[in-house]
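Hello,

Here is the structure you asked for, with notes on what was found in it below.

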Amino acid sequence: MWRLSSVRHKAVPQGRSSEELKLKRRGHEKVLRQARKDQQLVSKRLLLSEDGDEPQTPMDANPGDQVVNLVLQLQHGGPGKEHHLKALIKTLRNPTAQTMFTKQENSMHLLVGLLSGSQAQWRLLAVHCLHELSQSHQPNVTQACLPATPYLLTYLSGQSTKFTELCLYTLGNLCPDSDVVRDKLLAQGIIPALKNCMESQRHNLAIVEAVGFTLSQLLQAKDAAETIIPMILASGLPSLLLSVLTPDPQFGLAPAIECAWCLHYLICSTMDKSSLRAEGALSRCSSLLVSLGGAVSQGNKEEGMELLVWPLLRSVGNLLSSGPTEELSSQVGDLHLLSALCALARAYHPSHPALARESIWVLNNLTADSSELCAALLDLNLVPELLQLLPCSQGINTMILRVLGNVAHKSNTFCSRLAQSGVVASLCATLRLSEPGIVVLSLEVFFMLVSGCPQAAEEFVKQNGVSLLKAVQCNGEGEIRQRAAHLLVHHLPSQHTAQ
Amino acid sequence: MSVSDQRGGDSPFSFIPQRSHLNKDHELFEDGDIYRHMYLQNLPPAETGDQPKLSVSEFGCHAWGCCQVFRSVEEYEHHYNSMHRQVCSSCRRAFPSARLLDVHIEEWHDSLFDILSQSQDMYQCLVEGCGLKFRTSKQRKDHLIQVHKYPPDFRFDQAKREPRKAVKPQRKPSGSSVEMMEGVCEDVTRAAEPHQQEEETEAMELQSPSGPGAQGPPAGPQAPETGGERPKPRFSYRVPATVCFGQGSVRGFRGRGRRK
């Protein structure tokens, strides 16, 4: 299938022990989690420069002074411009240098001059400088880059891949930091520019990935729903994004990842999903999930596949969450989506339980209001698979119980079929779990089963369920006690009333 | 015909199938978002050894006051069968077998026994099949040691304290200490707290609900009986349906004997 061709982007630090790396990674993760809680989760992408320098090259002496010197030298003109520019790129990796640069008079004017000048090589080096500046999280630095943005946007319709890529990532990095920058970019026409770029460079994986990234940065803004999203929906970008989501192995994983995340941000923020549905978003995302689920169940877990599965699950889940249920199964298209979701949950629950849980969440949205899909779940013999995942915590078992409940709720026939699939024995196990929410759900599901299929009660008694239920009743909180008592009195054979 | 049609007005059940929408910032999306941003920032993915172990739900013991949790059904069943079956409804002691429970109830909570034992041999030998009866519990203990070769440092039932006031048989406060058969088997189950062993010789009035009440560990030779096949749930008739291990009854019961 695909290969995640991102060697260029990955800047893995060399020469460190794996322990050190692990610790560093955990530290980063903690920071990101806190940032997300504060709704400040912002990332920037760094492209390595052509000569393959690592970004962690130690700086000599005083980067602030260096910057000043370099700018002065560039302003004076003369030979060695290329050399100075390359040195400037390296220097601008340092945050102090970045701040110094913006404070220096006419420094941005210099860069813009080079960027818009006639020398292609200098343009490239100038955009590298801007790219380094865009890594900054200081709003005053990113705002200082504003004079350059009209040019960056203009160059998006150019032909040089490397150059266009850099422009795109620079723009993408500038987006998230401040409203001022974002508003200017929108006014300067970033959305049509992105759309044209993607359309004309549809065959170019690197460009498509870069456009996707930039768009995803715009879409994560807090106020995206009010201004940005309507503009994007009107621009024709969604159909382009969807066209990238193809299981065509020629098309790299990385562009698909970016476009899928864009779709997710679009879908979860839009109240009215009808336009997206009209574009076939649901069937497109579903069929891709089917391909991925198929690959995974054959043991082909490519590196980075989770990055694509995650946003697809969310897109499908949210597209299903509202709207008419009548055409649901035809909109979904391939009913093997149900099997794919189970396969994904099974494959990923050890390493990424959250992903497994989201997979079952989609199953819930599929089965909640559709008898047809519930029947399909039974026909495809997926219930035993789901039952095997019941021991898993972190919300997976709760979600599975909801899916079982969805099926049982529909008809007595379904209840019989569920009982034949061994659900009763599994409920006897989940009734013993310590989380009260799971016990309540188990009782609910059992109630539906036993109301629709009296044989379920016999099976339950055989599994020694009655004494279990009594213990649950005696020792549970109100909700649990009521339900257990009701079951004992109304639905189980009278042997419990002896003695 | 769907199940929902069958629900009466007084049914406590409330499950309704429901689709749900999740917003961009929903907490369920946290892990996925973090994974995505780690990728954007070129941070290396977790090594296979680094991944957290599969997280399974725990089984919690349902017995009142018992807060043990277990990773597997088997562990849980073993615990439950050892500690919470054959429970005396009056004093909440657990016994390794129904027979020992019967003997306990007879000797401790039966006023008829109190009366008869003043003039007859009422204390039965604990070994099944022996059939002998004794006038005092000490005589029985001696018999068990001498004839049946029970170890001398065995903890047998100790003398009951006089009841504080006339109460109904089932509600007689068990002010006294150790139930019998504490030390029937040295093999204490994993779930029993170690400190319990010391507490046993002292008066066990403080039946604190926080920990499991002192339990009878399974007797060695008898363990297969209780642990192996699934016996009929015998405790159900030791615990009348009206008596619940919930808060009301036992607390009230426990306090009754102690209020001055």
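**Domains and the A–B interface**

In chain A, the C-alpha centres of domain 1 and domain 2 lie 67 Å apart. Domain 1 covers 64–188 and domain 2 covers 413–499, with bounds taken from an automatic or database domain assignment.

This is a predicted model, in which local features need pLDDT of at least 70 and side-chain atom pairs count only at pLDDT 80 or more, while totals for chains, interfaces and linings use all residues; side-chain values use heavy atoms, without hydrogens and water. Residues are numbered from 1 along each chain as its sequence is written, and chains are lettered from A and ligands numbered from 1 in the order in which they are written.

Chain A puts 98 residues into the contact and chain B 68 residues (heavy atoms within 4.5 Å). Between them the two chains bury about 7,700 Å², 57% of it on carbon and sulfur atoms; buried area is the accessible area (1.4 Å probe) lost on putting two parts together, summed over both. A:Arg25, A:Arg36 and A:Arg432 supply 11% of the area that chain A buries against chain B, more than any other three residues.

Seven salt bridges cross the interface (a side-chain nitrogen of Lys or Arg within 4 Å of a carboxyl oxygen of Asp or Glu). One of them joins B:Asp31 to A:Arg33, with the closest N and O atoms 2.9 Å apart. Helix α1 (residues 18–37) of chain A gives the largest share of the side of chain A that touches chain B, nine residues; helices are DSSP runs (H or I, at least four residues), numbered from the N terminus.

Regards

Technical notes: Helix = DSSP H or I, 4+ residues; strand = E, 2+ residues; numbered from the N terminus.
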